[in-house]
Amino acid sequence: MSELVRLERRGTAAIVTLDRPERMNALSLATVQRLGEIGRELGADPSVRVCVLTGAGDKAFCAGADLKERQGMGREQVRDMLSAYRSELSWLSSSDFVSVAALNGVALGGGLELALTCDLRCASEGITLGLPETGLGIIPGAGGTQRIARLVGEARALDLVLTGRRIGTAEALALGLVNRVIPSTESVLEGALIWLESVTDGAPIAQRAALLAVRAARYLPLEAGLDYERAQYELCLASEDRDEALRAVAEKRKPIFTGR
Ligand code: COA
């Protein structure tokens with residue numbers, strides 16, 4: 001029996017791998033609960049700076065809800081599943097570290113919604129993405145309607161959600177659904193880790209302040225957002241790493257950050 005989801009650490013990066021390739025890494029209830037456990041474990045560890053979420057195998061990041069499990073579920077169990085998506089996955093967009101979906105293969109339905117819950121996304125060339133739920137008589141129910149509209153705008157979101165059409169990596173990049181495409185000569189996981197080296201090696205207080213300030217723009221009106229940005233700046237101003245960075249510039253060397 002597979003572990004459902006694997007957790008590895010590489011320095012300040014955590015790597016979370018959906019590991020049910022025989023079901024295209026689909027989200028069963030146990031998989032979602034395991035993701036929640038991992039979120040709680042990582043949330044208690046202040047050394048984590050980046051969390052990369054990917055899928056095992058070379059076919060799927062995640063094919064969405066486990067449709068085989070879903071067939072045996074009553075309506076009340078489906079309601080519980082929708083609540084679990086919300087309670088167990090929200091850490092991906094609310095933790096003190098940056099979360100990145102490294103899309104190694106298809107990201108459909110709940111799989112794309114999972115990726116949308118992350119702060120950032122990168123994708124291998126030639127993958128397929130989509131929200132096919134309306135074709136199954138439902139709508140995206142793991143935050144997909146809200147997150148995709150905020151990310152790509154209402155009209156583009158409606159195109160994808162109402163038609164359920166599947167798109168390729170190039171269109172996903174053009175829409176801003178993924179931040180970058182990793183060439184097929186590289187693994188998308190390694191590509192993601194290289195992309196975020198400046199975060200994993202950077203000044204922790206500044207990185208966290210920047211992350212929280214940009215996230216806050218999603219829900220705060222501008223004046224309140226500017227106040228929040230100022231409060232986050234104050235945390236940087238009070239840090240030793242800020243003084244070290246200025247000294248390093250003057251001394252023409254790389255700064256040595258301590259996280260204080
Ligand atoms: N839940 C459970 N099992 C799934 C699954 C899902 N969402 N998607 C795929 N699988 C299983 C298939 O049933 C198959 O298992 P089997 O051989 O035991 O029947 C296995 O994964 C491989 O799938 P298959 O369709 O043969 O592979 P493919 O490469 O031709 O296509 C997909 C892969 C993902 C494009 C295709 O399976 C698909 O479209 N799946 C449905 C995705 C979907 O609608 N998700 C939204 C749910 S809301």
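**Salt bridges and a buried valine**

Reader: What is the relative accessible area of Glu 171?

Author: Glu 171 has a relative accessible area of 29%, so this residue is partly exposed (buried means under 20%, exposed over 50%, and partly exposed in between, with a 1.4 Å probe and protein chains only). The model is predicted: local features need pLDDT of at least 70, side-chain atom pairs count only at pLDDT 80 or more, and totals for chains, interfaces and linings use all residues. Residues are numbered from 1 along each chain as its sequence is written, and side-chain values use heavy atoms, with hydrogens and water left out.

Reader: Which side chain does Glu 171 meet in a salt bridge?

Author: The partner of Glu 171 is Arg 165, with 2.6 Å from N to O. A salt bridge here is a side-chain nitrogen of Lys or Arg within 4 Å of a carboxyl oxygen of Asp or Glu. Arg 165 counts as partly exposed because its relative accessibility is 28%.

Reader: How many salt bridges does the structure hold?

Author: There are 19 salt bridges in the structure. One of them joins the side chains of Arg 242 and Asp 243, at 3.0 Å from N to O. Arg 242 has a relative accessible area of 36% and is therefore partly exposed. Asp 243, at 33%, is also classed as partly exposed.

Reader: And with which residue does Glu 251 form a salt bridge?

Author: Glu 251 pairs with Arg 253, and their closest N and O atoms are 2.7 Å apart. Glu 251 is partly exposed at 48% relative accessibility, and Arg 253 is partly exposed at 32%.

Reader: Which residues do shared partners join into one network there?

Author: The network consists of Glu 244, Arg 247, Glu 251 and Arg 253, linked by salt bridges that share partners.

Reader: A change of topic: where is the place of Val 188?

Author: Val 188 belongs to helix 8, residues 188-195 (a helix is a DSSP run of H or I of at least four residues, numbered from the N terminus).

Reader: Is Val 188 buried or exposed?

Author: Val 188 is buried, because its relative accessible area is 6%.

Reader: Which residues is Val 188 in contact with, leaving aside its neighbours within four places in sequence?

Author: Val 188 contacts Thr 54, Ala 102, Leu 103, Asn 104, Cys 122, Ala 123, Ser 124 and Ile 182, where contact means heavy atoms within 4.5 Å.

Reader: What separates the C-alpha atoms of Val 188 and Ile 139?

Author: A distance of 29 Å lies between those C-alpha atoms, and Val 188 and Ile 139 are 49 residues apart along the chain.

Definitions and conventions. Helices (H or I, at least four residues) and strands (E, at least two) are DSSP runs, numbered from the N terminus.
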